[in-house]
Amino acid sequence: MPHLRLLEDLTQPVRIDTGIDPDFIRSAAAEADVILLASSAPEPLREAWPYAKKVRWVHSLWAGVEDFLFPEFAASPTPFSNARGVYKRSLAEFVATGILYFAKDIPRMLRQQKAAHWEKFEVEEAYGHTLGVVGYGEIGRASAALAKSFGMKILAVRRTASSVESDGVADAIYPPEKLREMLAQCDYVLVAAPITPQTRGMIGEAEIAVMKKTAVVLNVGRGPVIAEAPLIRALQEGGLRGAALDVFDQEPMPKDHPFWSMENVLVSPHCADRTPGWLEMSTEFFVRNFDRFQKGLPLENVVDKSARY
(Lines give C-alpha, C1' and ligand atoms only; values in the text may rest on other atoms or scores of the structure.)
Protein backbone atom coordinates (compact mmCIF):
# COMPACT_ATOMS: atom_id res chain seq x y z
CA MET A 1 0.00 0.00 0.00
CA PRO A 2 2.13 2.91 -1.25
CA HIS A 3 -0.17 5.54 0.28
CA LEU A 4 0.73 4.30 3.77
CA ARG A 5 4.25 5.67 3.26
CA LEU A 6 2.70 9.03 4.08
CA LEU A 7 2.41 7.82 7.67
CA GLU A 8 6.10 8.67 7.94
CA ASP A 9 4.89 12.29 8.20
CA LEU A 10 3.01 11.63 11.44
CA THR A 11 3.83 13.94 14.33
CA GLN A 12 6.52 12.27 16.43
CA PRO A 13 6.97 10.45 18.70
CA VAL A 14 4.91 7.58 17.29
CA ARG A 15 5.37 3.86 16.66
CA ILE A 16 3.64 2.47 13.59
CA ASP A 17 2.71 -1.20 13.32
CA THR A 18 0.99 -2.42 10.15
CA GLY A 19 -0.36 -5.80 9.19
CA ILE A 20 -3.46 -7.88 8.45
CA ASP A 21 -2.60 -11.26 9.97
CA PRO A 22 -5.08 -12.08 12.78
CA ASP A 23 -2.28 -12.89 15.26
CA PHE A 24 -0.62 -9.56 14.48
CA ILE A 25 -3.92 -7.70 14.80
CA ARG A 26 -4.63 -9.14 18.23
CA SER A 27 -1.17 -8.40 19.61
CA ALA A 28 -0.90 -4.91 18.06
CA ALA A 29 -4.40 -3.93 19.19
CA ALA A 30 -3.49 -4.58 22.81
CA GLU A 31 -0.82 -1.85 22.66
CA ALA A 32 -2.48 0.59 20.24
CA ASP A 33 -3.59 4.10 21.12
CA VAL A 34 -4.93 4.68 17.59
CA ILE A 35 -6.30 2.25 15.02
CA LEU A 36 -6.19 3.25 11.36
CA LEU A 37 -8.50 1.24 9.11
CA ALA A 38 -6.72 1.08 5.77
CA SER A 39 -9.12 -1.53 4.38
CA SER A 40 -12.84 -1.17 3.70
CA ALA A 41 -13.42 -4.62 5.20
CA PRO A 42 -14.78 -4.56 8.77
CA GLU A 43 -13.26 -7.88 9.86
CA PRO A 44 -9.88 -6.52 11.07
CA LEU A 45 -11.57 -4.08 13.44
CA ARG A 46 -13.90 -6.81 14.72
CA GLU A 47 -10.85 -8.99 15.33
CA ALA A 48 -8.94 -6.23 17.08
CA TRP A 49 -11.68 -4.74 19.20
CA PRO A 50 -11.78 -7.23 22.12
CA TYR A 51 -8.05 -6.60 22.67
CA ALA A 52 -8.03 -2.82 22.04
CA LYS A 53 -8.28 -1.78 25.68
CA LYS A 54 -6.02 1.28 25.32
CA VAL A 55 -7.41 2.65 22.04
CA ARG A 56 -8.41 6.32 22.21
CA TRP A 57 -9.32 6.88 18.54
CA VAL A 58 -10.27 4.85 15.45
CA HIS A 59 -10.06 6.34 11.95
CA SER A 60 -11.15 4.95 8.57
CA LEU A 61 -9.59 5.94 5.26
CA TRP A 62 -13.05 5.36 3.75
CA ALA A 63 -16.16 7.53 3.86
CA GLY A 64 -18.71 4.74 4.37
CA VAL A 65 -18.87 3.62 7.99
CA GLU A 66 -21.95 1.40 8.26
CA ASP A 67 -20.03 -1.89 8.06
CA PHE A 68 -17.68 -0.89 10.88
CA LEU A 69 -20.39 -0.07 13.41
CA PHE A 70 -20.87 -3.49 14.97
CA PRO A 71 -22.64 -3.27 18.35
CA GLU A 72 -19.61 -3.43 20.66
CA PHE A 73 -17.77 -0.66 18.82
CA ALA A 74 -20.88 1.45 18.23
CA ALA A 75 -21.67 1.38 21.97
CA SER A 76 -18.16 2.38 23.01
CA PRO A 77 -17.16 5.99 23.79
CA THR A 78 -14.08 5.71 21.54
CA PRO A 79 -14.14 8.47 18.86
CA PHE A 80 -14.48 7.25 15.29
CA SER A 81 -13.63 9.46 12.32
CA ASN A 82 -13.64 8.90 8.57
CA ALA A 83 -12.78 10.33 5.16
CA ARG A 84 -16.07 12.16 4.73
CA GLY A 85 -15.67 14.94 2.18
CA VAL A 86 -12.17 13.99 1.06
CA TYR A 87 -13.47 12.90 -2.36
CA LYS A 88 -16.24 15.47 -2.69
CA ARG A 89 -14.75 17.40 -5.64
CA SER A 90 -14.62 14.40 -7.96
CA LEU A 91 -18.07 13.20 -6.90
CA ALA A 92 -19.48 16.68 -7.54
CA GLU A 93 -17.94 16.58 -11.02
CA PHE A 94 -19.66 13.23 -11.67
CA VAL A 95 -22.96 14.82 -10.64
CA ALA A 96 -22.31 17.68 -13.08
CA THR A 97 -21.44 15.11 -15.75
CA GLY A 98 -24.74 13.31 -15.14
CA ILE A 99 -26.71 16.56 -15.42
CA LEU A 100 -25.02 17.55 -18.68
CA TYR A 101 -25.20 13.98 -20.04
CA PHE A 102 -28.98 14.30 -20.16
CA ALA A 103 -29.29 18.06 -20.74
CA LYS A 104 -27.14 17.82 -23.89
CA ASP A 105 -28.56 14.39 -24.85
CA ILE A 106 -25.14 12.77 -25.07
CA PRO A 107 -26.73 9.32 -25.64
CA ARG A 108 -28.27 10.59 -28.88
CA MET A 109 -24.95 12.15 -29.93
CA LEU A 110 -23.22 8.80 -29.41
CA ARG A 111 -25.91 6.89 -31.33
CA GLN A 112 -25.66 9.28 -34.25
CA GLN A 113 -21.87 9.23 -34.21
CA LYS A 114 -21.85 5.43 -34.26
CA ALA A 115 -24.24 5.44 -37.23
CA ALA A 116 -22.39 8.28 -39.00
CA HIS A 117 -25.76 10.03 -39.03
CA TRP A 118 -25.85 13.85 -39.20
CA GLU A 119 -29.08 15.23 -37.74
CA LYS A 120 -29.33 18.42 -35.75
CA PHE A 121 -31.47 18.43 -32.62
CA GLU A 122 -32.25 20.71 -29.70
CA VAL A 123 -30.37 20.42 -26.42
CA GLU A 124 -31.18 21.91 -23.02
CA GLU A 125 -29.31 24.24 -20.72
CA ALA A 126 -28.76 23.27 -17.12
CA TYR A 127 -29.33 26.96 -16.40
CA GLY A 128 -32.68 27.66 -14.81
CA HIS A 129 -33.42 24.05 -13.92
CA THR A 130 -33.83 22.79 -10.36
CA LEU A 131 -31.52 20.36 -8.56
CA GLY A 132 -32.83 18.70 -5.43
CA VAL A 133 -30.26 17.27 -3.04
CA VAL A 134 -31.20 14.42 -0.71
CA GLY A 135 -28.43 14.29 1.89
CA TYR A 136 -26.96 17.76 2.15
CA GLY A 137 -23.57 16.88 3.61
CA GLU A 138 -20.09 17.47 2.22
CA ILE A 139 -20.80 15.79 -1.14
CA GLY A 140 -24.27 17.25 -1.46
CA ARG A 141 -23.05 20.78 -0.80
CA ALA A 142 -20.08 20.46 -3.17
CA SER A 143 -22.40 19.18 -5.90
CA ALA A 144 -24.90 21.96 -5.21
CA ALA A 145 -22.20 24.62 -5.44
CA LEU A 146 -21.06 23.32 -8.82
CA ALA A 147 -24.64 23.14 -10.10
CA LYS A 148 -25.22 26.65 -8.77
CA SER A 149 -22.40 27.86 -11.02
CA PHE A 150 -24.47 26.63 -13.97
CA GLY A 151 -27.30 28.89 -12.82
CA MET A 152 -29.42 26.09 -11.37
CA LYS A 153 -31.87 26.49 -8.51
CA ILE A 154 -30.90 24.37 -5.50
CA LEU A 155 -33.29 22.68 -3.10
CA ALA A 156 -32.08 20.34 -0.37
CA VAL A 157 -33.27 17.96 2.32
CA ARG A 158 -31.31 17.75 5.55
CA ARG A 159 -32.04 15.85 8.75
CA THR A 160 -32.00 19.03 10.84
CA ALA A 161 -33.53 21.80 8.77
CA SER A 162 -36.43 24.21 8.46
CA SER A 163 -38.12 25.10 5.19
CA VAL A 164 -36.80 28.67 5.37
CA GLU A 165 -33.21 27.83 6.23
CA SER A 166 -30.49 28.49 3.64
CA ASP A 167 -26.71 28.52 3.49
CA GLY A 168 -25.96 30.79 0.55
CA VAL A 169 -25.95 27.90 -1.94
CA ALA A 170 -29.30 26.20 -1.43
CA ASP A 171 -32.33 28.32 -2.24
CA ALA A 172 -34.35 26.33 0.30
CA ILE A 173 -33.58 23.54 2.78
CA TYR A 174 -36.36 21.16 3.78
CA PRO A 175 -36.72 18.76 6.70
CA PRO A 176 -37.14 15.05 5.87
CA GLU A 177 -40.91 15.11 6.33
CA LYS A 178 -41.14 17.51 3.37
CA LEU A 179 -39.07 15.31 1.06
CA ARG A 180 -41.91 14.65 -1.41
CA GLU A 181 -42.79 18.34 -1.53
CA MET A 182 -39.22 19.05 -2.60
CA LEU A 183 -38.98 16.17 -5.07
CA ALA A 184 -42.05 17.32 -6.98
CA GLN A 185 -40.25 20.56 -7.91
CA CYS A 186 -37.00 19.07 -9.19
CA ASP A 187 -35.65 18.50 -12.69
CA TYR A 188 -32.67 16.61 -11.28
CA VAL A 189 -32.58 14.72 -7.98
CA LEU A 190 -29.22 13.99 -6.37
CA VAL A 191 -29.09 11.31 -3.70
CA ALA A 192 -25.97 11.78 -1.56
CA ALA A 193 -27.20 10.34 1.72
CA PRO A 194 -25.38 7.73 3.80
CA ILE A 195 -27.07 4.40 4.46
CA THR A 196 -28.81 4.22 7.83
CA PRO A 197 -31.99 2.53 9.04
CA GLN A 198 -33.76 5.82 8.35
CA THR A 199 -32.39 6.37 4.83
CA ARG A 200 -32.62 2.82 3.48
CA GLY A 201 -35.31 2.92 0.79
CA MET A 202 -36.21 6.55 1.56
CA ILE A 203 -36.53 7.15 -2.20
CA GLY A 204 -39.22 4.55 -2.82
CA GLU A 205 -42.22 4.10 -5.05
CA ALA A 206 -44.20 6.95 -3.48
CA GLU A 207 -41.27 9.37 -3.76
CA ILE A 208 -40.54 8.41 -7.37
CA ALA A 209 -44.24 8.82 -8.21
CA VAL A 210 -44.23 12.51 -7.22
CA MET A 211 -41.20 13.32 -9.40
CA LYS A 212 -41.59 14.90 -12.81
CA LYS A 213 -41.62 12.39 -15.66
CA THR A 214 -38.80 14.46 -17.15
CA ALA A 215 -36.69 14.23 -13.99
CA VAL A 216 -33.24 12.62 -13.81
CA VAL A 217 -32.06 10.77 -10.69
CA LEU A 218 -28.38 10.80 -9.69
CA ASN A 219 -26.98 8.64 -6.88
CA VAL A 220 -23.50 9.02 -5.39
CA GLY A 221 -24.45 8.12 -1.81
CA ARG A 222 -25.37 4.49 -1.23
CA GLY A 223 -27.34 2.25 -3.58
CA PRO A 224 -30.01 1.05 -1.12
CA VAL A 225 -31.11 4.62 -0.30
CA ILE A 226 -33.12 4.30 -3.53
CA ALA A 227 -35.50 1.36 -3.80
CA GLU A 228 -34.19 -0.25 -6.95
CA ALA A 229 -37.30 -2.06 -8.24
CA PRO A 230 -39.53 1.04 -8.52
CA LEU A 231 -36.62 3.01 -9.96
CA ILE A 232 -36.18 0.42 -12.72
CA ARG A 233 -39.92 0.39 -13.46
CA ALA A 234 -40.06 4.18 -13.69
CA LEU A 235 -37.09 4.27 -16.04
CA GLN A 236 -38.54 1.53 -18.24
CA GLU A 237 -42.10 2.87 -18.33
CA GLY A 238 -41.44 6.60 -18.81
CA GLY A 239 -41.95 7.63 -15.21
CA LEU A 240 -38.48 9.21 -15.21
CA ARG A 241 -36.25 10.57 -17.94
CA GLY A 242 -33.06 8.90 -16.79
CA ALA A 243 -30.54 8.12 -14.09
CA ALA A 244 -26.80 8.54 -13.53
CA LEU A 245 -25.67 6.05 -10.90
CA ASP A 246 -22.33 5.44 -9.18
CA VAL A 247 -23.67 3.13 -6.46
CA PHE A 248 -25.95 0.10 -6.53
CA ASP A 249 -27.76 -2.43 -4.34
CA GLN A 250 -25.29 -5.15 -5.30
CA GLU A 251 -21.68 -4.43 -6.24
CA PRO A 252 -20.31 -5.60 -8.58
CA MET A 253 -23.60 -5.32 -10.44
CA PRO A 254 -24.70 -8.67 -11.94
CA LYS A 255 -24.19 -9.04 -15.70
CA ASP A 256 -27.92 -9.60 -16.25
CA HIS A 257 -28.95 -6.45 -14.38
CA PRO A 258 -31.36 -4.23 -16.39
CA PHE A 259 -29.26 -1.10 -15.85
CA TRP A 260 -26.54 -2.41 -18.17
CA SER A 261 -28.78 -2.33 -21.24
CA MET A 262 -30.91 0.74 -20.49
CA GLU A 263 -30.06 3.67 -22.77
CA ASN A 264 -31.43 6.16 -20.26
CA VAL A 265 -29.07 5.03 -17.49
CA LEU A 266 -25.44 6.10 -17.10
CA VAL A 267 -23.58 3.44 -15.10
CA SER A 268 -20.39 4.21 -13.20
CA PRO A 269 -18.89 1.15 -11.43
CA HIS A 270 -18.55 2.98 -8.09
CA CYS A 271 -15.44 4.79 -9.26
CA ALA A 272 -16.58 8.42 -9.51
CA ASP A 273 -14.23 9.30 -6.64
CA ARG A 274 -11.24 7.23 -7.76
CA THR A 275 -8.98 9.96 -9.02
CA PRO A 276 -5.20 9.50 -9.19
CA GLY A 277 -3.94 9.70 -5.62
CA TRP A 278 -7.35 9.28 -3.99
CA LEU A 279 -5.95 7.06 -1.23
CA GLU A 280 -3.06 9.44 -0.75
CA MET A 281 -5.55 12.29 -0.19
CA SER A 282 -7.33 10.22 2.44
CA THR A 283 -4.07 9.33 4.19
CA GLU A 284 -3.00 12.98 4.15
CA PHE A 285 -6.24 13.86 5.90
CA PHE A 286 -5.51 11.25 8.58
CA VAL A 287 -2.01 12.70 9.07
CA ARG A 288 -3.50 16.15 9.64
CA ASN A 289 -6.08 14.72 12.01
CA PHE A 290 -3.35 12.82 13.88
CA ASP A 291 -1.57 16.11 14.50
CA ARG A 292 -4.77 17.42 16.09
CA PHE A 293 -4.97 14.24 18.18
CA GLN A 294 -1.42 14.72 19.42
CA LYS A 295 -2.12 18.34 20.35
CA GLY A 296 -5.37 17.50 22.15
CA LEU A 297 -7.46 19.44 19.63
CA PRO A 298 -10.95 18.29 18.53
CA LEU A 299 -10.80 15.68 15.79
CA GLU A 300 -12.31 16.41 12.39
CA ASN A 301 -14.92 14.20 10.70
CA VAL A 302 -16.04 12.51 13.90
CA VAL A 303 -18.80 9.98 13.13
CA ASP A 304 -22.08 10.18 15.03
CA LYS A 305 -22.29 6.49 15.87
CA SER A 306 -25.97 6.70 16.83
CA ALA A 307 -26.85 8.34 13.49
CA ARG A 308 -24.41 5.96 11.72
CA TYR A 309 -22.63 8.64 9.68
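Biologist: Is E66 buried or exposed, or partly exposed?

Modeller: Buried means under 20% relative accessible area, exposed means over 50%, and partly exposed lies in between (1.4 Å probe, protein chains only). E66 has a relative accessible area of 22%, so E66 is partly exposed. This is a predicted model, where local features need pLDDT of at least 70 and side-chain atom pairs count only at pLDDT 80 or more, while totals for chains, interfaces and linings use all residues. Residues are numbered from 1 along each chain as its sequence is written, and side-chain values use heavy atoms, with hydrogens and water left out.

Biologist: Which residue forms a salt bridge with E66?

Modeller: Side chains of opposite charge can pair when their charged atoms come close. A salt bridge is a side-chain nitrogen of Lys or Arg within 4 Å of a carboxyl oxygen of Asp or Glu. The partner of E66 is R222, with the closest N and O atoms 3.0 Å apart. These two residues lie 156 residues apart and link distant parts of the chain. R222 is partly exposed too, at 22% relative accessibility.

Biologist: How many salt bridges does a search of the whole structure find?

Modeller: The search finds 14. Among them, R241 meets E124 at 3.2 Å, N to O. This pair also links distant parts of the chain, 117 residues apart. R241 is partly exposed at 27%, and E124 is partly exposed at 29%.

Biologist: Which residues do salt bridges that share partners join into one network?

Modeller: D23, R26 and E47 are joined in that way.

Methods: Helix = DSSP H or I, 4+ residues; strand = E, 2+ residues; numbered from the N terminus.
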